[in-house]
Amino acid sequence: MSATTLSNPRGIATVSLPGTLESKLHACAAAGFTHIELFEDDVLRYPHPLPQLRKLCYDLGLNICMYQPFRDLGEWALRSDFDLALERLRHKFRWMDDLGCDTILVVSNCQPANLCTDNLETSISQYKEAAEVAARHGKRIVFEALAWGTHINLWRQSWEIVRAVDHPAFGLCLDSFHIYSRGDNVDGLGDVPAEKIFIVQLADAPYLQMHVLEWSRHYRSFPGQGEMPITEFMEELRKTGYDGIVSLEVFSDNIRNGNLPELAKDAMRSLQFLDGDGPSEPLGIEFIEFSVSEGEIAAMGSFLHGLGFIKAGAHRSKKVQWWNNGAVSVVLNAEPVSHAAHYRSTHGDMSVCALAIRVDSAPSTISRAAELGYPIIRSPKLGLATSESNIEAIQIPGDMLAYIVDSDSFWGQDFEVDPAFEKKSAEQIFYSGVDGITQALQSLPMVESCGLFWRAVFGMSCKKAPDVQDPLGLVSAWTISAPGMSRLALNVPHTNSSFTGLQVHSDHSAAASGMNIIALHTTDIFSALAAIPERSQLCSPPAKYYEDIQYKYGLTDNFVTHLKHERIMYEKTPSGGEFLSAFTRALRKDGQGLYFQIVQRKEGYEGMGNTSNGLAMQCSVLHNTSTARVTKTRVPIQAYETQEVVPVGPEIKEKRPSICHSLGKLWQRARVILKTTR
């Protein structure tokens with residue numbers, strides 16, 4: 001990563017953020033940007049004279065580095081059309097004088113082929129004449145090949161034009177999206193003279209099968225949020241010696257619907273992601289922390305015991321318990337004044353409020369996260385417990401914490417170990433690790449923010465996964481992965497009425513983005529299920545499910561009978577990979593919230609079991625025959641330090657309407673679905 005270190009001035013196009021132009025400029029300045037590209041639509045909507053806009057940018061410390069875009073300047077078949085374009089250009093130069101801006105972005109012509117010329121000499125001649133006009137006005141033209149340009153749509157074509165024009169007022173714009181969306185590469189970019197590159201624009205994107213114009217207008221993202229090789233692009237750019245502005249130009253529906261201050265921070269983080277020594281590779285999940293009320297901690301402990309966990313110890317100074325089985329540790333946090341209490345007030349009881357990530361060096365990981373602008377949380381030391389370890393955490397988008405640890409010494413230092421745990425036998429250990437965790441999110445912008453967090457801090461990759469067939473609505477899914485690290489899945493419901501949607505959008509419970517599936521890995525699922533103390537916590541798929549998979553995968557009668565008896569679901573890939581899984585009921589009695597999954601992977605299976613998850617959600621809800629009212633009490637955060645104040649608001653109690661009516665409808669719909677699957 002050091003080869004891609006980004007020391008260039010950092011800019012952003014105003015089209016890359018939502019809101020009014022004034023609000024965008026304030027957010028950009030607050031996020032630390034120093035250069036701004038003014039997008040023409042924003043300028044046209046600005047209600048005040050242009051000199052006032054110039055002064056606003058100056059007062060905010062923003063340099064207007066470019067006005068954009070200017071379309072269809074050259075490549076005209078008729079001279080009359082080119083003359084009209086030159087007159088438009090002169091008019092824009094007068095606006096730019098008022099703005100104090102000397103550079104304009106000109107994009108390749110996109111008019112119908114019968115109006116444009118494919119004659120290279122004619123195009124060169126027109127652009128050279130435009131460069132001379134620009135020079136007389138004290139301006140510069142930056143030329144960009146649009147991926148959907150009629151005749152010029154590759155960066156090497158635009159470079160050929162710039163080289164042939166050979167004018168100091170005419171230079172090259174390199175845009176990562178336009179390069180990679182054409183399936184192009186940056187081979188040879190290092191040979192371009194740095195002085196001929198006037199600006200570099202960065203945008204990432206997921207790889208999609210659609211017309212490139214629609215792709216560009218709706219699905220771009222900040223670097224690190226998509227799948228394009230931005231670091232490769234930057235490595236090749238470094239070879240040129242270019243030290244000019246690197247700017248973001250992102251068109252996205254997700255951004256248009258996002259939160260402006262947070263998006264501006266993510267925009268800056270996406271450039272910082274390319275800076276420094278690179279992320280810390282995660283070595284695994286050390287523990288999962290649940291936020292549990294004092295009234296529910298016994299019930300939660302009983303549930304874990306039913307899955308084979310043993311109470312390993314209690315915290316020396318806090319209302320915190322440690323439960324363990326093999327390589328999986330769970331922490332139950334009932335501390336009344338803590339991040340866990342705050343999280344419980346907004347996400348409900350028995351919810352995952354934190355993960356502990358094992359890394360090689362905790363200080364370097366914390367330092368990188370702080371440089372990226374993520375809030376750092378420090379646990380308090382209560383009473384005289386000065387010997388307790390000081391574990392720092394990073395706030396993940398969505399209010400969860402990621403504790404960062406580089407050893408397991410804190411267990412013995414912070415916890416009184418239970419004698420029963422010390423005496424446990426090898427037969428009681430059957431979980432080899434956390435296989436994966438699924439998080440339900442409220443919106444697509446949250447996926448991009450979370451994806452950037454895991455990639456920028458830990459170097460994990462985020463990719464689109466097959467959609468999940470929630471019984472009451474479709475759920476979009478993404479996977480985040482890295483070698484040696486548990487898989488993370490991000491799910492966004494398409495409708496609020498789906499099982500997943502009820503968890504993150506419901507007005508009748510403590511509902512917000514949060515973890516909803518924890519998958520525990522075992523090397524022998526049949527032995528693990530035989531060993532767990534409480535099998536009644538497992539859900540039973542309907543009989544027709546087993547009839548279907550027997551014919552779908554060509555399974556033997558004995559094997560299917562064994563699967564059915566143990567309540568195991570089964571998937572098999574065309575390449576022979578196998579995925580065996582069993583699901584528990586939901587933790588909360590209302591049928592919502594988190595549930596556990598016990599899984600075994602065979603023959604290189606790499607998926608998340610998405611084809612089983614929809615049915616598992618249904619079974620988990622139907623398993624819970626009672627409902628419970630959830631009352632939210634917002635708890636102020638106190639007694640622990642943070643580099644950034646976490647907004648909590650005043651202490652309030654929210655009274656919610658009865659959930660019986662809503663859950664009654666959900667129950668009726670789920671029963672109909674269950675009948676159709678039997």
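**Entry 1**

I began with strand β18 (residues 433–440), which is joined to β21 by five bridges, the two running parallel. I take strands (E, at least two residues) and helices (H or I, at least four) as DSSP runs, numbered from the N terminus. Two strands pair if DSSP finds at least two bridges between them. This is a predicted model, in which local features need pLDDT of at least 70 and side-chain atom pairs count only at pLDDT 80 or more, while totals for chains, interfaces and linings use all residues. Residues are numbered from 1 along each chain as its sequence is written, and side-chain values use heavy atoms, with hydrogens and water left out.

I looked up A440 and found it opposite N491 in β21. Next I checked β20, which pairs with β21 in the antiparallel sense over six bridges. I480 stands opposite L488 in β21. β20 and β21 form a hairpin, with five residues between them. In its turn, G484 has a positive phi of about 80 degrees.

I then asked how many residues of β21 are buried. Seven of the seven are, so β21 is largely enclosed by the rest of the structure. Buried means under 20% relative accessible area, exposed over 50%, and partly exposed in between (1.4 Å probe, protein chains only). In a regular strand the side chains alternate between the two faces of the sheet. I listed both faces of β21: R487, A489, N491 and P493 lie on one side, L488, L490 and V492 on the other, and all are buried.

**Entry 2: the whole open sheet**

I traced the strand order as β19-β20-β21-β18-β22-β25-β24-β23. These eight strands form an open sheet with mixed pairing. Which strands stand at the edges? They are β19 (461–470) and β23 (569–572); each has a single partner strand, so one side of each is left without a neighbour in the sheet. Neighbouring strands are turned by 25 degrees against each other on average, direction ignored. Axes here are lines fitted to C-alpha atoms, for helices over the stretch in contact, and angles run from 0 to 180 degrees between N-to-C directions.

I also checked β24 (residues 578–583) with β25 (residues 595–602): they pair in the antiparallel sense over six bridges. F583 has Q597 in β25 as its bridge partner. Helix α17 (residues 444–458) packs on the sheet, touching β19, β20 (473–481) and β21 (487–493). Contact means heavy atoms within 4.5 Å. The direction of α17 makes about 165 degrees with that of β21.

**Entry 3: α14 against α17**

I followed α17 to helix α14 (residues 362–371). The two pack at an angle of about 130 degrees, with their axes 9 Å apart. That makes α14 oblique to α17. Angles under 35 degrees count as roughly parallel, over 145 as roughly antiparallel, 65 to 115 as roughly perpendicular and the rest as oblique. The crossing of α14 and α17 is right-handed. A crossing is right-handed if the near helix is turned clockwise from the far one by less than a right angle, and left-handed if anticlockwise.

T365, R368 and A369 in α14 meet A456, V457 and F458 in α17. I sorted the residues of this contact into four nonpolar, one polar and one charged. Ala, Val, Leu, Ile, Met, Phe, Trp, Tyr, Cys and Pro count as nonpolar, Asp, Glu, Lys and Arg as charged, and the others, Gly among them, as polar.

I looked up I404 next, which lies in strand β16 (residues 401–405). Is I404 buried or exposed? At 4% relative accessibility, I404 counts as buried. Not counting residues up to four places away in sequence, I404 touches several residues, including T365, I366 and F458. Its C-alpha atom is 7.6 Å from that of I394, 10 residues apart along the chain.

**Entry 4: the barrel and its helices**

I found a closed barrel of eight strands, β1-β2-β3-β4-β5-β6-β7-β8, with parallel pairing. The twist averages 30 degrees from one strand to the next. β4 (residues 103–107) and β5 (residues 140–144) pair in the parallel sense over five bridges. V107 stands opposite E144 in β5. Helix α6 (residues 155–165) lies across β5 and β6 (170–175), running at about 165 degrees to β6.

Last, I checked helices α4 (residues 79–99) and α5 (residues 120–136). Their axes come within 11 Å and cross at roughly 25 degrees. That makes α4 roughly parallel to α5. The crossing of α4 and α5 is right-handed.
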